[in-house]
Number of protein chains: 2
Amino acid sequence: MKLEKDSRILIVGLGLIGGSYAKALKKQGFRVTAIDTRPEAIAYALRENIVDEGYTAVKEEAVRSATLVVFALYPKVFTAWIADHQHLLAPGTLLTDVTGVKSCLVYEIQAMLRSDVEYIAAHPMAGREVYGVENSDEKIFCGANYIVVPTEKNTEEAIALCERLGKTLGFARISRLTPEEHDEMIGFVSQLTHVIAVTLMTCCDNTHLVDYTGDSFRDLTRIARINDGMWSELFLLNRPALLRQMDLFLGEFARFRELLDRGDEEGMREKMRLSSARRALFDKK
Amino acid sequence: MKLEKDSRILIVGLGLIGGSYAKALKKQGFRVTAIDTRPEAIAYALRENIVDEGYTAVKEEAVRSATLVVFALYPKVFTAWIADHQHLLAPGTLLTDVTGVKSCLVYEIQAMLRSDVEYIAAHPMAGREVYGVENSDEKIFCGANYIVVPTEKNTEEAIALCERLGKTLGFARISRLTPEEHDEMIGFVSQLTHVIAVTLMTCCDNTHLVDYTGDSFRDLTRIARINDGMWSELFLLNRPALLRQMDLFLGEFARFRELLDRGDEEGMREKMRLSSARRALFDKK
């Protein structure tokens, strides 16, 4: 298993992220094949030269000839694909993914997978508020974080290759987390923030506010345009971690409310100074 | 009272916003004087030709010769300035401000003000996470919202002039709200969002997350670098409205938590679709 110019990469699921992977890998000179059930996606990708080959159904020859398969599917579709089609994979094939939740998925797939292929989980921390290969853009990976999520079943060789894939795609920082660490972290930085953004838009009929609002509200609600099918599935698959993170936030929000309610200016200022100091670290990187 | 090229504009408080006003108005050809207690601010502004005249104390001649005075001070300092120095103003002078809270301020100042000058409140919805005239930039007004906040005491002439000032500064949309409408609105779009950003940074020690986070968390916490002195004062002066908006948000957040907790996928998707539809309106403008 190597990531060399003669690697044949198959991308299963040619949406925004799958399409962005295809663009980045094609530009690096790799041969890229894609499978997606949406005919428009495949037609577009072939026309725009984003992939070398594309199919709207699982094509045996395309799967068998791949040395690296990237799954960019919704979690449940991904699991079903492995169950239905793993017999088509060539021995030694490396599988990876882009899925936003891990514990509920990684162990299940590794448990059902043939022993002569290997699945190493990864999560590219990049996205846009628009969907589909038509909006794909490999530049979203530039400066972003890429997380490799190995388990005890993974070989060092596969982990290293997955890290090289992250670098090849253009990610700025490559990290490793366990599935459990990943899910807790993602529950906080990604899922909780989406819940907050959605709640800001649904807690009152605020559509007229566009005439008054400053950048703060725009920034906090940018991600409130949300793919309801995908995100509700991700939330439910990470329910315990997300509920924990929501409760953590709720408790602290209630503490701040209490400080304001009793007019504790110094208490509020202390929170603001801690917040400023912590956030300043983010701006340095 | 007119906003003409021979208007003499005095800016009291030459920080980020006062400095940005000065830059915008100087570029439009107005004669701009500034008063700020910080010697470095005045020295910088004179050196950089941001103002024509600058003083570190209240200079009688500078106040008397002004036809328009813009107050860019913390709320309590603003009120104290009027009490102490309003006798220096020439009859017919128009006063306006940039303060982020209104009901607690506007009626009090209008009640104490001499009857031969007029104060028309305004709120430029623009800012940055950095402070001081050294970081001022008139481009922050471009595309932003400007809100005029008249009361029954204001003349149509003053309201119209204040609106022209907003246009002259480069704001894209000029609106009118009552002080009460303004404070409720600002409690939601600005103050609540700052409480959320601060809470996200203080609810756990998340400084290590910079290695994993995507854009969502960065966007939601950009405003978590916050001037604790100014914002705690603004929060306390708008306490009832901000508490109402926090409770509105809390209630809806708890409802979403309940949907997740009982696995109500369709309920969550409904919230997400409403959120997406509402947020889409913002992107059109």
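1. In this predicted model, helix H4 (residues 75-85) of chain B packs against helix H5 (residues 103-112) of chain B at an angle of about 5°, and their axes lie 10 Å apart. H4(B) is therefore roughly parallel to H5(B), because angles under 35 degrees count as such. From H4(B), the contact is made by Pro75(B), Thr79(B), Ile82(B) and Ala83(B); from H5(B), it is made by Leu105(B), Glu108(B), Ile109(B) and Met112(B). Divided by class, this contact has six nonpolar residues, one polar and one charged.

2. The description of chain B continues with its sheet. Six strands form an open sheet in the order S3-S2-S1-S4-S5-S6 (chain B), and the pairing is parallel. Strand S3 (53-55) and strand S6 (118-119) of chain B are the edge strands, each pairing on one side only. Within this order, strand S1 (residues 8-12) and strand S2 (residues 31-35) of chain B pair in the parallel sense over five bridges. Ile11(B) has Ala34(B) in S2(B) as its bridge partner.

3. In chain A, an open sheet of eight strands is found, with mixed pairing and the order S3-S2-S1-S4-S5-S6-S7-S8 (chain A). Its edge strands are strand S3 (53-55) and strand S8 (173-176) of chain A, each of which pairs on one side only. On average, and with direction ignored, neighbouring strands of this sheet are turned by 20° against each other.

4. Strand S1 (residues 8-12) of chain A pairs with strand S2 (residues 31-35) of chain A in the parallel sense, over five bridges. Ile9(A) stands opposite Val32(A) in S2(A). Helix H2 (residues 39-47) of chain A packs on the sheet and touches S2 and S3 of chain A. The direction of H2 makes about 170° with that of S3(A).

5. The domain assignment divides chain A into domain 1 (8-177) and domain 2 (182-284). Taken over C-alpha atoms, the centres of the two domains of chain A are separated by 30 Å. Each domain contributes to the contact between them: 14 residues come from domain 1 of chain A and 14 residues from domain 2 of chain A. On the side of domain 1, the elements that give two or more residues are helix H4 (75-85), helix H5 (103-112) and strand S7 (145-149) of chain A. The residues on that side of domain 1 divide into eight nonpolar, three polar and three charged.

6. The contact between the chains takes 77 residues from chain B and 77 residues from chain A. On the side of chain B, the elements that give two or more residues include strand S8 (145-149), strand S9 (173-176), helix H7 (179-202) and helix H10 (239-261) of chain B. H11(B) gives the most to this side, with 14 residues. By class, the side of chain B that touches chain A has 40 nonpolar, 19 polar and 18 charged residues.

7. How are the two copies related? Chain B is superposed on chain A by a rotation of 180° with 0.0 Å of shift along its axis (RMSD 0.0 Å). The two copies are thus related as by a two-fold rotation axis. Leu220(B) comes closest to the rotation axis among the residues of chain B, at 2.4 Å (C-alpha). Of the interface residues of chain B, 100% are also interface residues in chain A, so the copies meet through the same surface.

Definitions and conventions: Residues numbered from 1 in each chain as written. Chains lettered and ligands numbered in written order. Predicted model: local features only at pLDDT ≥ 70, side-chain atom pairs only at ≥ 80, totals over all residues. Contact = placed C-beta atoms within 7 Å. Helix = DSSP H or I, 4+ residues; strand = E, 2+ residues; numbered from the N terminus. Nonpolar A, V, L, I, M, F, W, Y, C, P; charged D, E, K, R; others polar. Least-squares fit on C-alpha atoms with pLDDT ≥ 70 in both. Pairing = 2+ DSSP bridges. Axes fitted to C-alpha atoms, helices over the stretch in contact; angles between N-to-C directions. Domains from an automatic or database assignment. Parallel < 35°, antiparallel > 145°, perpendicular 65-115°, else oblique.
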